[in-house]
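Please look at the sequence and the structure shown below before reading on. The explanation that follows is written to be read beside them.

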Amino acid sequence: MTKILLLSDTHSYIDDAILKYVKQADEVWHAGDIGDLKVSDAIKELKPLRAVYGNIDEAKIRGEFPENNRFMCEGVDVWITHIGGYPGAYNVRVREDIRANPPKLFICGHSHILKVMPDKKLNLLHINPGAVGKHGFHKVRTMLRFTIDGTKIDNLEVIEFPK
């Protein structure tokens, strides 16, 4: 079983409250808009990090992280991208690829809106952890944690912080 902490849209913000949850995870996944390498460096000091760059991320971050990160976690095919849309409204950049070869877990950020929803047509789970940074219109900062055990995605928990 792998314990995952999923966050997005840090916009250069990291603090001890976030890092407390990083320490409890086996892996951390970041769905873009990192903002500053100090964020990813702080996470990588503690746990393995899988991340993508977002639309606000500059050249240094884009040089370190890809636009799309597709990988296997145990028996789950995972695809992380920053701007991906959601079931019924996938972004044009990923729409054809996701239909042709859907992952089991599709993760994106960008909207600052926490969303977990199945795509029954493509048989995948879509997750957006919302935004855990302080920049943006969101009223509550959020991230998610869950487990992957073989092919099972389970124990989903929303973590909220005041803005």
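The paragraphs below treat the annotated region, a sheet and its helix, the salt bridges, and one further residue.

This is a predicted model, in which local features need pLDDT of at least 70 and side-chain atom pairs count only at pLDDT 80 or more, while totals for chains, interfaces and linings use all residues. Residues are numbered from 1 along each chain as its sequence is written, and side-chain values use heavy atoms, with hydrogens and water left out.

An unreviewed UniProt entry lists residues 3-149 as "domain: Calcineurin-like phosphoesterase". UniProt positions are given here in the numbering used for this model, feature names are shortened, and annotations may be inferred rather than shown by experiment. Over residues 3-149, the chain is 22% helix and 36% strand. Helices (H or I, at least four residues) and strands (E, at least two) are DSSP runs, numbered from the N terminus.

Consider next an open sheet of five strands, arranged in the order 4-5-8-10-9 with mixed pairing. Its edge strands are strand 4 and strand 9 (114-119), each of which pairs on one side only. From one strand to the next, the twist averages 15°. Two strands are said to pair if DSSP finds at least two bridges between them. In general, strands of a sheet pair through backbone hydrogen bonds, either parallel or antiparallel. Strand 5 (residues 76-81) pairs with strand 8 (residues 105-107) in the parallel sense, over three bridges. Within this pairing, valine 78 has leucine 105 in strand 8 as its bridge partner.

Helix 4 lies across strand 4, strand 5, strand 8 and strand 10 (124-129), where contact means heavy atoms within 4.5 Å. Helix 4 runs at about 165° to strand 5. Such axes are lines fitted to C-alpha atoms, for helices over the stretch in contact, and angles run from 0 to 180 degrees between N-to-C directions.

Glutamate 96 and arginine 99 form one of them, with their closest N and O atoms 3.5 Å apart. Both residues lie in helix 4, three residues apart, which is about one turn of the helix. Glutamate 96 is exposed, at 52% relative accessible area, whereas arginine 99 is partly exposed, at 48%. Buried means under 20% relative accessible area, exposed over 50%, and partly exposed in between (1.4 Å probe, protein chains only).

Another salt bridge joins arginine 93 and glutamate 67 at 3.4 Å, N to O. Arginine 93 lies in helix 4 (residues 92-100) and glutamate 67 in the loop between helix 3 (59-64) and strand 4 (68-73), so the pair ties together parts that are 26 residues apart in sequence.

Where do the partners arginine 141 and aspartate 15 lie in the chain? Their salt bridge has its closest N and O atoms 3.9 Å apart. This pair links distant parts of the chain, 126 residues apart: arginine 141 is in strand 11 (residues 140-149), and aspartate 15 is in the loop between strand 1 (2-7) and helix 1 (16-24). Arginine 141 is buried, at 3% relative accessible area, and aspartate 15 is buried, at 19%.

Finally, proline 162 is found in strand 12 (residues 152-162). Proline 162 is exposed, because its relative accessible area is 68%.

Definitions and conventions
Salt bridge = Lys/Arg side-chain N within 4 Å of Asp/Glu carboxyl O.
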